[in-house]
There are 2 protein chains.
Amino acid sequence: MARETHLPVLFQLFRQYGYDGVSLSQIANKTELGKASLYHHFPGGKAEMVTAALAYRGLWVEENVFLPLRADRPALARFQQMCDRLSELYQSGQSPCLLAALTTGAKRDVFQAQVKEHLQRLTGAIAEVLLASGLDPQAARQRAEEAVVAIQGSLILARGLDDFTVFERAIASVPERLCAGLDSKP
Amino acid sequence: MARETHLPVLFQLFRQYGYDGVSLSQIANKTELGKASLYHHFPGGKAEMVTAALAYRGLWVEENVFLPLRADRPALARFQQMCDRLSELYQSGQSPCLLAALTTGAKRDVFQAQVKEHLQRLTGAIAEVLLASGLDPQAARQRAEEAVVAIQGSLILARGLDDFTVFERAIASVPERLCAGLDSKP
DNA sequence: GTCTATATTAAGATAGAC
DNA sequence: GTCTATCTTAATATAGAC
């Protein structure tokens, strides 16, 4: 099996349990590979598997979130699509964010830079739409930040309360909050 | 040394690294105790240490957050005090939330109920103030939820972006958001 | 590309002396 | 209440055959 076949498995495992919460035996089970085979595909061990999972996520987000965000449509519609895709990514709040999972744990520093870049790309992509819609740079950045805060926070709370409607409510309010007071046709 | 002496250490360790990210050797180092001594104080091992850390946090929040929240003052002032204390708890965004840290990891299920209760107490305490200020139960609950979402989300984002001003901005906006459109003297 | 077998280290946990 | 010493298991990782 090719290396890419196993990326979804790695992604799911690490987002759910974090770096320290996943063992190689667990990965071997889920991928149906021996440990040695895992090291063939990922010579750098667990750390390289996480990096691969991050890259896999990055690609998915690029295609499914950033691309629609640059489409030639009203800002509100673009944000609605973004939220649809993010709901898919997070499975309506039932699956945690890999980025958030990697902000904790013993090896946090190893992934800090990668996590930061992913988060910056998301806030940046949102802010760009707002900028093109006439918002000044600071307000655009601030609003984008608030949207990401709402998404991340609702994921945490949904999980902690074991009530996924928290995420659904939060994500549903994001598009209109982002567009509040905007000229409707950018 | 008495058991309580070491609770702050446990609290700090687990909030920062999560359950799986902390080893007994690490705890032994930070507490300056041998492993065997740790088991004297916490016969249930690491899981019991986490429960003790949760209880320690619960007591702190009860005294420093919930008590002021029930004071005989305007709602806005009470929320401002709440946010001051939460800023203290999270060290202006530099220290993660123990509850959030425990929503991930291999042993998540073990602490699920405790985390849920802590989160419910917080949203409940906030909602009660809003209720007494004339908001209907559903709106009160919804606003309280949004406040906790903002706090948790900004903690994640601050850590991921390595920019603690994200938390400071978010927490600063919480009191007024909670009180928006309220009769000012409840 | 995958396997069995194994090396090595560290983990969580306990026994029993002081 | 704390220690040293030790047990047991599981972790990451590698060697080398197929």
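**Exercise 1.** Is S37(B) buried, partly exposed or exposed?

*Solution.* The model is predicted: local features need pLDDT of at least 70, side-chain atom pairs count only at pLDDT 80 or more, and totals for chains, interfaces and linings use all residues. Residues are numbered from 1 along each chain as its sequence is written, chains are lettered from A and ligands numbered from 1 in the order in which they are written, and side-chain values use heavy atoms, with hydrogens and water left out.

Step 1. Recall the classes: buried means under 20% relative accessible area, exposed means over 50%, and partly exposed lies in between (1.4 Å probe, protein chains only).

Step 2. The relative accessible area of S37(B) is 31%, so this residue is partly exposed.

Step 3. Locate the residue: S37(B) belongs to helix α3 of chain B. Helices (H or I, at least four residues) and strands (E, at least two) are DSSP runs, numbered from the N terminus.

Step 4. Compare sequence with space: S37(B) and M1(B) are separated by 36 residues in sequence and by 9.9 Å in space, C-alpha to C-alpha.

**Exercise 2.** Describe the protein surface near DNA strand D.

*Solution.* Step 1. A residue is near a strand if one of its heavy atoms lies within 4 Å of it. DNA strand D is surrounded by 16 residues, and the closest are K35(A), Y39(A), M1(B), A36(B) and H41(B). Of the atoms of DNA strand D that come within 4 Å of the protein, sugar and phosphate account for 60%.

Step 1. Examine the phosphate oxygens of DNA strand D, using the polar contact (a pair of N or O atoms within 3.5 Å; within protein, one must be able to donate a hydrogen and the other to accept it, and residues adjacent in sequence count only if both atoms are side-chain atoms). A polar backbone atom of L24(A) is 2.7 Å from a phosphate oxygen. For S25(A), an N or O atom of the side chain is 3.3 Å from a phosphate oxygen. For G34(B), a backbone N or O atom lies 2.7 Å from a phosphate oxygen.

Step 2. With 4 residues, α3(B) gives the most.

Step 3. Sort the residues of this surface: 7 are nonpolar, 7 polar and 2 charged. Here Ala, Val, Leu, Ile, Met, Phe, Trp, Tyr, Cys and Pro count as nonpolar, Asp, Glu, Lys and Arg as charged, and the others, Gly among them, as polar.

**Exercise 3.** How many salt bridges are there between chain B and chain A?

*Solution.* Step 1. A salt bridge is a side-chain nitrogen of Lys or Arg within 4 Å of a carboxyl oxygen of Asp or Glu.

Step 1. The count between chain B and chain A is 4. The side chains of E146(B) and R177(A) form a salt bridge at 3.3 Å, N to O. R169(B) and E145(A) also meet in a salt bridge, at 2.9 Å, N to O. This second pair crosses from helix α9 of chain B to helix α8 (residues 137-161) of chain A.

Step 2. Classify the second pair: R169(B) is partly exposed at 34% relative accessibility, whereas E145(A) is buried at 10%.

**Exercise 4.** Which parts of chain A does the salt bridge of E48(A) and R3(A) tie together?

*Solution.* Step 1. The side chains of E48(A) and R3(A) meet at 3.5 Å, N to O.

Step 1. E48(A) lies in helix α4 (residues 46-69) of chain A and R3(A) in the segment before α1 (7-17), so the pair ties together parts that are 45 residues apart in sequence.

Step 2. Both ends are partly exposed: E48(A) has a relative accessible area of 24%, and R3(A) one of 31%.
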